[in-house]
Amino acid sequence: MKLSPLAAALLGLGLVAACSKPIPEGANVLEISDAYIVKPAEGRDIASGGMVITVKGADESLIAVSSDIAESVEIHTMTMEGGMMRMRQLESLPVTEKTPLVLERGGNHLMFFGLKPNVAIGDEVDLVLTFSNGQGREQLLVTQAEIIGQGD
């Protein structure tokens, strides 16, 4: 797995934070797992994605996601209303110690618009996630997401 210099630096800072025993009040350790992006059908440039985000310590909110492989990334939710699927963009989603943030098909998820056509199943790409504690502090976290097939 090859990390970009920014990803490697932020990962190093995250590991240092994760290895610390006590978490000071108001601080936290965020962990990301199982990040993926579903490769769109041929000729399409819109894809969905997901991951699991946990936090130890203070509550956070996911407020933005970006990636070099997409023109834009939005945080979305999906609900069923009157038998019809309805998706809408959200400004943020909370993540707490008691309630990890699960982004997945059929619920809260990420939408990638303007996805570059050269991504292939099995590729790993960097995602930059922005979190806010709601009190003016934001932090960035870089993770890698695997490109998976439609039925995976």
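Which side chain meets that of Glu 81 in a salt bridge? The partner is Arg 86, at 3.7 Å, N to O. This is a predicted model. The structure holds three salt bridges. Side chains of opposite charge can pair when their charged atoms come close.

**Salt bridges**

- Glu 81 is partly exposed, with a relative accessible area of 45%. Arg 86 is also partly exposed, at 46%.
- Glu 31 and Lys 56 form a salt bridge through their side chains at 3.4 Å, N to O. Glu 31 lies in strand S1 (residues 28–38) and Lys 56 in strand S2 (residues 46–57), so the pair ties together parts 25 residues apart in sequence.
- Glu 31 has a relative accessible area of 35% and is partly exposed. Lys 56 counts as partly exposed at 43%.
- Arg 137 and Glu 60 meet through their side chains at 2.6 Å, N to O, in a salt bridge. This pair links distant parts of the chain, 77 residues apart: Arg 137 sits in the loop between strand S9 (124–132) and S10, Glu 60 in strand S3 (residues 60–66).
- Arg 137 is partly exposed at 29% relative accessibility. Glu 60 has a relative accessible area of 2%, so it is buried.

- Strands S4 (residues 72–81) and S5 (residues 84–90) pair in the antiparallel sense over seven bridges.
- Met 78 stands opposite Met 87 in S5.
- Two residues lie between the strands of this hairpin, and Gly 82 takes a positive phi near 60°.

**Gln 144**

- Gln 144 belongs to strand S10 (residues 138–148). Its relative accessible area is 15%, so Gln 144 is buried.
- The Gln 144 side chain makes a polar contact with the side chain of Asp 126, at 3.2 Å.

Technical notes:
Residues numbered from 1 in each chain as written. Predicted model: local features only at pLDDT ≥ 70, side-chain atom pairs only at ≥ 80, totals over all residues. Heavy atoms only, no water. Helix = DSSP H or I, 4+ residues; strand = E, 2+ residues; numbered from the N terminus. Buried < 20%, exposed > 50% of the residue type's maximum accessible area, 1.4 Å probe, protein only. Polar contact = N/O pair within 3.5 Å; in protein donor to acceptor, adjacent residues only side chain to side chain. Pairing = 2+ DSSP bridges. Salt bridge = Lys/Arg side-chain N within 4 Å of Asp/Glu carboxyl O.
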